[in-house]
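Welcome! Take a moment to look over the sequence and the 3D view, and then follow the points below with the picture open beside you.

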Number of protein chains: 2
Amino acid sequence: MEIGPESHESAGFIARGWWWIMGLLMKLVTKVRNVANKIKRLGQDDPRRIIHSVKMGLALSLISLVYYFRPTYDSFGVSAMWAVLTVVVVFEFTVGATLGKGFNRGVATFLAGALGVGAHQLASLAGQEGEPMLLGLFVFLLAATASFSRFFPEIKARYDYGVLIFILTFCLVSVSGYRVEKLIELAHQRLSTILIGSFACVFVSIFVYPVWAGEELHNHIALNMEKIADFLEGFGGEYFDTEGSVGETSLVPKKDKSFLDRYKSVLNSNTTEENLANFARWEPCHARFRFRHPWKQYLKIGGLSRQCACRLEALSSYINSEGPQEFRKNIQDECIKMSSESAKTLTELASAIRTMTRPHSAYAHLANSKAAASNLKVTLKSALSLSSDLLQVIPAVTVTSLLVEVVACTEKIAESIDELAQLAKFKTVEVPIVILENPKTLHRVTIKKSDIKCPQLVITIEEPPPSLPGNIKLSKPLEKASH
Amino acid sequence: MEIGPESHESAGFIARGWWWIMGLLMKLVTKVRNVANKIKRLGQDDPRRIIHSVKMGLALSLISLVYYFRPTYDSFGVSAMWAVLTVVVVFEFTVGATLGKGFNRGVATFLAGALGVGAHQLASLAGQEGEPMLLGLFVFLLAATASFSRFFPEIKARYDYGVLIFILTFCLVSVSGYRVEKLIELAHQRLSTILIGSFACVFVSIFVYPVWAGEELHNHIALNMEKIADFLEGFGGEYFDTEGSVGETSLVPKKDKSFLDRYKSVLNSNTTEENLANFARWEPCHARFRFRHPWKQYLKIGGLSRQCACRLEALSSYINSEGPQEFRKNIQDECIKMSSESAKTLTELASAIRTMTRPHSAYAHLANSKAAASNLKVTLKSALSLSSDLLQVIPAVTVTSLLVEVVACTEKIAESIDELAQLAKFKTVEVPIVILENPKTLHRVTIKKSDIKCPQLVITIEEPPPSLPGNIKLSKPLEKASH
């Protein structure tokens, strides 16, 4: 069979068309896949986002029933719409935020409704001409005063939404132009529907996979400390960048460098923490938290964590600095000890927060890091006297100096967590493991879990070698733990 | 006349009563005065707060007219209440926030209204039994999807309120139970009243003492740099703490120590800046800002300022550190120069932002601070070789090292402001004053305003003395300025 040029041409045309359509389809598929991936990642990062969305749908479908049940619809009329409105506006990600908004909305509607009816009554005394003018004046005065009150930090933090609803309801009631009997009926309907809406929100929010703002804050603070610990743990390997291991600390730099940046989110976590603390204050007792859990103390710890993260920020600019290898080798042991023991302290403190137990083992690591900071002085003195070019060692000296600051910061964090443990009555674990070690001294005290039966342990070395002041301080944090 | 014991007693009783009442009154007066003082301070800190409150009252009184004018009331009916609701919710402190909310509310109401009517039509096809079930399903699906979309950072930043109103309107329309004709009439009324409300807000917000988010951001960034400059300016006097003056810089520590803490607010300014930048993007061209002013560049500058503030935080922990006076005296000249010239650079950069002119004079100060950082190396070398106890000088060495970092930070800020100047087309001042000085070198170049006629000046020293690398770099920032 012979194939003519026309059929050749048309075959080519069809093929081109086919490929063009296929190309377009492929592009579309890629685009859809990208969006799907984005959505998937968003869901995977925090699956509670998906749960929250489903909960929102659930709460709204629930409240829609108000419309479908004729009896409720007949008694509430168009006001039933306020229940829907309330659910959309009040339902928030955390229980605390939902409770706060629901409370604000309910109380503000009640107060403003009562005040609005009063204003209406008062204005009606002024006659038909004076009434609108007087009402206009009332609206102006109340709106201006209430708006100004929103600038007070205390009101802004907890009652901002309430003030908004207060202005709203007062305006609606006072200018509505209804007679007072009709007004009171309306106000009653509106308040009931708002209460129904708020209760639906609170119910779904508390009983279907609840997200407690308090628990969020609790975990957030612990996570921030772990991020700082991550940096400090990896810092030694990254800065000294040598293979092999010195003492017990491996010096191989980590392959995944993300730990170098994770602490940065700590620097900007101020607003998140404040919001969570404000929401948490609305929450009833839940899981391991009482109603008046010391949320403010978390803000203090958060502030100290940010201070510590600031030191890391200063430290990170020296991570790739040059300098004589000889000098670095001399100080690397103590520096790595300081940074890794601080990291361990913070990790232990974070895990103490997570488990709500007193952080006994953290104090041992803190003591180790402080001992390393003390020993560093001796090491530095000899290292400095050996080095020929003092100018070249300045970056390394700065690093050690900043590490000492980090140790001091860690101690402050430990102290404030100790305060938290007292305020929130953290559990005391029965047998703490206390490992005190100082490789530069003749003493090496390692006490294992099976050796001790008492819940607290204070070690005091009676005649400390005068050259090692670090040892004297060892008992201090342990004493603190037995408060 | 004799006075009996009874009248004595009663006189004492009256006197006690009198003092008790007076005491109570005094307490009340004190309390009222305290609250009044608080309000006064809040108003004095930012008088625009009072203006905003008055504007809110004005906008609400304006919109209340909708109720009083019978013709408008007759055509809108109860829907007129949506105008009031819109004003209360949409009216915000800045023009950008008001515009963004108004736009979100209008567009979301329109879209969700149309979609709701469609859903209603579709559901009515399913018969009387199927309709509520189908509508419930629609509400669930849309509410869940829209709620999830609020977790996307891009949507959260600009369209969060719109998505909320979208869910709200869709639910109201789709479950309302009206016939379609009635629905369309209602939707039309609601949309018109919302548009009227939004326009009233936008009108008052733009034409009565407007507060532009863009201008706020602009000034906020400049203010943050001035706070950092404040610290650096005072740091020398505070750290070296000696009377008299060395070189050109006075060393008397400032009496008011508030400059030591002002920079701290910079550390937590991230959220404020991001919000302002989001609002600013809604704003039309105003005063000196175009519609597409490079607001993102401000966020970059803000981030660098925070980095710099972090260095100050590290620096501030050394402010009271001890150390040998001899060593300090040797380095104090260069240290004070670095810190005060950095302060001058930042002040000049801030004033360049405020006046929207290219920051020529800042480059000269930057060059001075970099020269001081270079000279410092020589000074440090000799100072270190002279000092007997190297361990004692470590805090002072760390301070110098951190100051060098601050200088580097300042340079980065200057670069990003240079970028901003190009993007936003800042004016070039006609005759810049360029003063290059380096007291440690033989060259001292001082060029006064009257000496030069050209708008740009590039100085290149042809044969730089090899020991002073700082001088070679002098021309760089000036070249950059002539781009």
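How much area do chain A and chain B bury between them? Chain A and chain B bury about 6,400 Å² between them, and 73% of that area is on carbon and sulfur atoms. Please keep in mind that this is a predicted model.

**Chain A at a glance**

- Chain A contains 17 helices and four strands.
- It has 483 residues, and 52% of them count as buried.
- The accessible surface of chain A comes to about 23,700 Å², with carbon and sulfur atoms accounting for 62% of it.
- Among contacts in chain A with a separation of 6 or more, 78% are between residues 24 or more positions apart.

**Where the two chains meet**

- Chain A gives 70 residues to the contact, and chain B gives 70 residues as well.
- The rule finds one salt bridge across the interface of chain A and chain B.
- You can find a salt bridge between the side chains of B:Lys38 and A:Glu154, where N to O is 4.0 Å.

**The disulfide**

- Over all chains, the structure holds one disulfide.
- This is a covalent bond between the sulfur atoms of two cysteines.
- Which residues does the disulfide join? A:Cys310 is linked to B:Cys310, with S to S at 2.4 Å.
- A:Cys310 sits in helix H13 (residues 295-316) of chain A and B:Cys310 in helix H13 (residues 295-316) of chain B, so the pair joins two chains.
- The link of A:Cys310 and B:Cys310 is left-handed, with -100° about the S-S bond.
- Both A:Cys310 and B:Cys310 are buried.

**Other cysteines to look for**

- Is A:Cys285 buried or exposed? A:Cys285 counts as exposed because its relative accessibility is 55%, and the cut-off for exposed is over 50%.
- B:Cys171 is in no disulfide, and the nearest cysteine sulfur, that of A:Cys201, is 12 Å away.
- B:Cys171 has a relative accessibility of 2%, so this residue counts as buried.

**The nonpolar cores**

- The largest nonpolar core has 143 residues, and those with the most contacts inside it are A:Met225 and B:Met225.
- Setting aside residues up to four places away in sequence, A:Met225 touches several residues, including A:Ile301, A:Ser305, A:Leu346 and A:Leu349.
- Other residues that A:Met225 touches include A:Ala350, A:Ile353, A:Ile413 and A:Ile417.
- There is also a second, separate core of 75 residues, and A:Val87, A:Val88, A:Tyr161 and B:Cys171 are among them.

- How many residues of helix H4 (residues 80-90) of chain A are buried? Eleven of its eleven residues are buried, so this helix is mostly covered.
- Among the buried residues of H4(A) are A:Met81, A:Trp82, A:Val87 and A:Val88.
- A:Gly116 belongs to helix H5 (residues 95-124) of chain A.
- With a relative accessible area of 0%, A:Gly116 is buried.
- Leaving out neighbours within four places in sequence, A:Gly116 is in contact with A:Phe170, A:Val173 and A:Ser174.
- A:Gly116 and A:Leu349 are 233 residues apart along the chain, and their C-alpha atoms are separated by 53 Å.

How values were computed
Residues numbered from 1 in each chain as written. Chains lettered and ligands numbered in written order. Predicted model: local features only at pLDDT ≥ 70, side-chain atom pairs only at ≥ 80, totals over all residues. Heavy atoms only, no water. Buried < 20%, exposed > 50% of the residue type's maximum accessible area, 1.4 Å probe, protein only. Contact = heavy atoms within 4.5 Å. Areas by Shrake-Rupley, 256 points an atom, 1.4 Å probe, with all protein chains shown as cover. Core = buried A, V, L, I, M, F, W, Y, C linked by side-chain atoms within 4.5 Å. Disulfide = S-S within 2.5 Å. Buried area = accessible area lost by both parts, 1.4 Å probe.
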